[in-house]
Amino acid sequence: MNKHHHHHHAVQRASYRTVDLEALHAAGSGPAPAPRTREPQEVHVTLEARETSWELAPGTTVSAWGFGGQVPGPLVVAEAGDTLVAHLVNRLPEPTVIHWHGIRLASSMDGTESVQTLVAPGESFEYRFVLPDAGTFWYHSHANEAVQLERGLYGALVVLGADEPAFDADRVLVLDDVTLDRRGRSIARPALFDRHSGREGDTVVINGRAQPELEIAAGQIERWRIVNASSARYVRLSLGGRPFRIIGSDGGLRPAPLTTTETLLTPGDRVELAVGPFDDEGAAIAIESLPYRRSRMKRARYTRWGTLRVGPRLPSGAVVPETLATITPLVVAGSLAPTRTIRLGARMTLHGHDWLVNGDTHHRDAPVKAGELQVWDIVNETGLDHPFHLHGFFFQVVAADGQPIAPASWEDTVNVPARKRVTIAFRADARPGEWMYHCHILEHHAAGMMGHFEVVT
Ligand code: C2O
Ligand code: CU
């Protein structure tokens, strides 16, 4: 390193295009524009990626990597229409980059190796983009992910609309799991066999803490925004079998609340819940995941994540409206002819497995023309589930195994079960440039299960 430049950290500035919000909303692939209460602002955050010690539980501290030395990284909160200015400073011993999962931004701000040079140790990079949509998003490293995310380089990003439903509390829960090395002092390096099913850690954490105790006042209703940041773990979430209401997913609010007792979050997924009201003061409710078999090679297991205690009763000001959002279907039933087929496959190699899209690792797919309706058939030819994630655009899930589904959400991540087929639809707005899709099991992504495509106007 040049001594004279020891204290100088070069700032790379990408040329970024401003997103035309009107064109973005006119294309119709995403939530309707959120009304505003104030003038748009700039929200500034510095995200220094660095080594840190991560206290997983009282007395269990491991060496990790975190943004701002925290795991998860700082919670970023803004209002739809605001501009996020995020200053990444790399203090890691290796290059990194930040991807803004679920944000409809310009391709040059997407934070992948396809659109920018990785940020070298000692260097920085300024991301700057408008946040067009209200919802629950997250940011994470998009370099050497199976190591960097596992060590803690992720955080949540909440974008508020001006007319959000009223809750007694708004919480963010980021779920993760980690494997410790044999001495229990640091996060274990990825093992070769993780390449098959992806790594599921032996310690599960919510907001970086094992077995947390949360408290909800009896009579109150809270909004829980949940992000699954695990490398490979599927979370079939349950609250001790108590009913809750799903109010939103990857791309913001659903048309109406859906009452259920469980919901599946794949890696990369988000869900928003209305939790409560509970009447039994003093009750201890398990925050748990029910057994789910995502691979024939793995046993389905029950996991306890933490405890929700019902505290002393408090008055409630929460109102969960019967109508939350309007989602206009992109395709009319009966016209599901796919414009593209994406086959998820595998092949044995000397080092285990390659994970494929249409027979290739790191597949180069055909360009997508802005404005044209895309109907993609995603066919899983393997014996395990894959969470399919599309960068930069929301889609609707329009069919499962050829059976039409009335879309009830905007998604950027969807589970494609083993040997099944899922059909998605979207219409790209004019944000030209390089984009990608991939399996969000980080080891599968690294082993090639991804596609690159260009959006052209
Ligand atoms: Cu959250 Cu390319 O990923
Ligand atoms: Cu996969």
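**Copper site and salt bridges**

Hi everyone, let's start at the metal: the copper ion (ligand 2) is coordinated by His386 (ND1), Cys439 (SG) and His444 (ND1), at 2.0 to 2.1 Å. Donors here are N, O and S atoms within 2.8 Å of the metal (3.2 Å for Na, K and Ca), and since water is not among the atoms, sites may look incomplete.

Before going on, this is a predicted model: local features need pLDDT of at least 70, side-chain atom pairs count only at pLDDT 80 or more, and totals for chains, interfaces and linings use all residues. Residues are numbered from 1 along each chain as its sequence is written, chains are lettered from A and ligands numbered from 1 in the order in which they are written, and side-chain values use heavy atoms, with hydrogens and water left out.

Back to the copper: along the chain, its donors follow the spacing H-x52-C-x4-H. Histidine 386 sits in strand 27 and cysteine 439 in strand 32, 53 residues apart; strands are DSSP runs of E, at least two residues, numbered from the N terminus. Both of these residues are buried, meaning under 20% relative accessible area, with exposed over 50% and partly exposed in between (1.4 Å probe, protein chains only).

Now, how many salt bridges does the structure hold? There are 31, each a side-chain nitrogen of Lys or Arg within 4 Å of a carboxyl oxygen of Asp or Glu. One joins arginine 225 and glutamate 272 at 3.2 Å, N to O. Arginine 225 is in strand 14 and glutamate 272 in strand 19, so the bridge ties together parts 47 residues apart in sequence. Both partners are buried.

Key. Helix = DSSP H or I, 4+ residues; strand = E, 2+ residues; numbered from the N terminus.
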